[in-house]
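Dear colleague,

I am handing over the structure below, and I would be grateful if you could look through it alongside the notes that follow.

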Amino acid sequence: MTFDLDMIKALYAAMPGRIAKARKAVGKPLTLSEKILYSHLHSDQKLENFGRGKSYVDFAPDRVAMQDATAQMALLQFMSAGRPKVAVPSTVHCDHLIVAKAGAKDDLTAANNESKEVFDFLASVSNKYGIGFWKPGAGIIHQVVLENYAFPGGMMIGTDSHTVNAGGLGMVAIGVGGADAVDVMAGMAWELKFPKLIGVKLTGKLNGWTSAKDVILKVAGILTVKGGTGAIVEYFGEGATSMSCTGKGTICNMGAEIGATTSTFGYDESMSRYLVATGRADVAKLADKIKEHLTADPEVYASPEKYFDQVIEINLSTLEPHLNGPFTPDLATPLSKLKDEAIKNGWPTKIEVGLIGSCTNSSYEDIARAASLAKQVADKGLKTKAEFTITPGSEQVRYTIERDGFISTFDKIGAKVFANACGPCIGMWNRVGADKKEKNTIVHSFNRNFQSRNDGNPNTYAFVGSPELVTALAIAGDLTFNPLTDYLTNERGEKVKLEAPTGDELPKKGFDVKDPGFQAPAKDGSKVKVSVSPTSDRLQLLAPFKPWEGTDLKGLRLLIKAKGKCTTDHISMAGKWLKYRGHLDNISNNLLIGATNYFNEAINSVKNNLTGAYDEVPKVQRAYKAKGIGSIVVGDENYGEGSSREHAAMEPRHLGVRAILVKSFARIHETNLKKQGMLALTFANKADYDKIREDDVLDIVGLTKFAPEKQLELVLNHSDGSKESIMVNHTYNANQIEWFKAGSALNAMNATKSSAGKASAPKKKATAKKAAKKTAAKKVVKKAVKKAAKKTTKPVAKKKAAKKVVKKVAKKKVVKKAAKKSVKKVAKKKK
Ligand code: MIC
Ligand code: SF4
């Protein structure tokens, strides 16, 4: 079944025209990313040649997706926006709140009990506001989106950083905070700084042990966790077209780990095959008809350096399998160097667990290839050394791989199949013994391997690799094992070698599923009741944040000067904290508990400047809040890397932190801070980070003249009585400054709505009349000018003729205005 086919049809009908206009405005051939962006401009957005990395542009995405852990906050905000229904097709997916422990069936039952209140809340809000609801167990948001909703040339946003997965089907799909999703669901424009463009040319063809995952592992090594910030990565070349659609999805998915706005691929046959296999032959047919618009113009891929801001080339024929980690996804080690690196760096070489699956690597192809290795265990008389787990991405994939015998193959190596959910990838893993905090190694095919992420143990060394490599390493139980060159000794004492993995791209018998787990919303949701218990510890209705007081912020305390990596996992931990994602006050008790304090190098231990004692970060901040004292958080590079969770911005806001000042921000987090009415600032001079002292009292000066591109001043009042002043930068545009002043973007939205609503009926009528007159006047003048201009081809004469005509028709004021504009236009054309 195809969802929202009419929406896709309407977009495809408009795309060629919009792209032609955009090409004219830009003045050169277009990349695919530009084609998609320009054909999704919001109706109020004027078309022009936007400055990449500079212009703020208003877009109209086609759809919104939310997962349970972020949807709670997004929907609580949407409820206070007072709209009866979502303005664009939207979905909620229950995938993050299922703890992996005993196996799919038991774990799902447990989650349905433990999180019943939240699932019921999400189901009823979805029902009321026209949102499609995917029940717990249906699958992981991105896999479900790829299977059902993603389509070439579309644009979507999602409240999860890995929304970018849909780039595998040729979309521009972007991860955002819940407040951004609220804008789009409320029918407003969605603003984004026009991205820069990175082109990745893939030559050659994947073979043997190398898989799509290795492409992104390699790219992460080249670009690092910050290298893609503010950019769309567009992949092309023979290597791109020769790989599967789901492989492309994997590459795009993990593109979140380089900070990229998103990644995408041009429409090709692999996408068409995937659409057909997932029951959407109708979309494939439509896409085929406009296929030249669903990829870049040929000139672009012929001379990419002319059209992209940066170009990278990777030869798939010679690309080695990689393993990235530990503790950061960009520490890329090619397999041939893994042994040396592991020994040199003292990484524990015994592998305890291999985990495959997740949103990024649980396609049919991935599972088939991993199973081809698992099968060799019995065939060659081997025994799997490490524990092994699988988290399928969707019920459709799970059902199909079970039917095709892969699950029973994995069973034979003692594997545990967890629910179709995030599970261990997001720390929802009840791993036996993790509380002992022992140094140990795990390998997985997920995206992220930040400290403590998977099992809460800061001493777990987690490495990211392809499902194939993870399976081979789990069989060997040894990080220094290279399946390309090394032999294993089997139960009979013989030396055996694993053969390279093989597997079908798509199931020969087609996909199948009994109950995909979808619940359509009520046609008319107005009668549906959504209730939130005031005594709940899982859900809490939101109270609006206070507006700015209209003055500079003086007498702020330093909450923490965070040292080194400070991801959203450090700012608002997941795992057991996920359960409070709908309760702002409760989840605020995890604020920055993972961050390292620069002054004592300790985690979750900062000085309370009111007492001089050291205490946990949230406790200290609550003490400041109780006294009405604002504070500031200082951070290092790429602050807020990782997730889209806006809790990382709402918690400090809720507890009274006024500004976050860092060397640099990750994109989504910076926007989240702005949306929640916080000050997101960066050091004008990064070395000033060193000037901030533990007991400083800080003033932010210049807010009464807060303006785009105008620095603010930070005064550091040191405890020895000395004073220093440093300059700080910001990226707020005029609109975003209004969010700050109103206290949040939501406050600003509600204020505009109520002032528009308050306009009296006669006033509204008058405005409408004025607009109608204007359009009519424009038409009259346009016609007359055209007629006059036809008589001559000389530009000067054209202007003269236009002026003459204008004099004749311009008797009324509105007509006069329109006429003046037309003459100006004619004059401009002359240049
Ligand atoms: C993640 O992979 O970190 C998550 C959990 O999916 C997050 C979303 C969240 O924090 O809820 C993401 O990537 O945005
Ligand atoms: Fe879930 Fe992990 Fe994918 Fe995030 S990266 S959506 S936690 S599976």
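How many Å separate an oxygen atom of ligand 1 from an N or O atom in the side chain of R645? The separation is 2.5 Å, which falls under the definition of a polar contact, a pair of N or O atoms within 3.5 Å (within protein, one must be able to donate a hydrogen and the other to accept it, and residues adjacent in sequence count only if both atoms are side-chain atoms).

Before going further, please note that this is a predicted model, in which local features need pLDDT of at least 70 and side-chain atom pairs count only at pLDDT 80 or more, while totals for chains, interfaces and linings use all residues. Residues are numbered from 1 along each chain as its sequence is written, chains are lettered from A and ligands numbered from 1 in the order in which they are written, and side-chain values use heavy atoms, with hydrogens and water left out.

To stay with the ligands, an N or O atom in the side chain of R448 is 2.7 Å from an oxygen atom of ligand 1, whereas S644 places a backbone N or O atom 2.8 Å from an oxygen atom of that ligand. Ligand 1 has 14 residues around it, of which D160, S161, R448, R581 and R645 come nearest; a residue is counted here if one of its heavy atoms lies within 4 Å. The residues around ligand 2 include H96, H142, D160, H162, C422, C425 and R453. By class, that shell has 4 nonpolar, 5 polar and 2 charged residues, where Ala, Val, Leu, Ile, Met, Phe, Trp, Tyr, Cys and Pro count as nonpolar, Asp, Glu, Lys and Arg as charged, and the others, Gly among them, as polar.

Turning to the sheets, helices (H or I, at least four residues) and strands (E, at least two) are DSSP runs numbered from the N terminus, and two strands pair if DSSP finds at least two bridges between them. An open sheet of 6 strands has mixed pairing and the order β6-β5-β2-β3-β4-β21, with β6 (172-175) and β21 (518-519) as its edge strands, each pairing on one side only. Strand β4 (residues 132-134) runs antiparallel to β21 and is joined to it by 2 bridges, and W134 stands opposite F518 in β21. Helix α6 (residues 141-148) packs on this sheet, touching β2 (63-67), β3 (90-93), β4 and β5 (155-159), and its direction makes about 150 degrees with that of β2; contact means heavy atoms within 4.5 Å, and axes are lines fitted to C-alpha atoms, for helices over the stretch in contact, with angles from 0 to 180 degrees between N-to-C directions. Helix α7 (residues 178-185) also packs on the sheet, where it touches β2, β3 and β5 and makes about 135 degrees with the direction of β5.

There is also a closed barrel of 7 strands, again with mixed pairing, running β22-β25-β26-β27-β30-β29-β28, in which neighbouring strands are turned by 40 degrees against each other on average, direction ignored. Strands β22 (residues 553-561) and β28 (residues 697-701) pair in the antiparallel sense over 3 bridges, and L698 in β28 is the bridge partner of L556.

Finally, two backbone details: the peptide bond from G325 to P326 is cis, with omega near 0 degrees, and P326 sits in the loop between β12 (322-324) and β13 (332-334). D4, although not a glycine, has a positive phi of about 55 degrees and is found in the segment before α1 (5-26).

With kind regards
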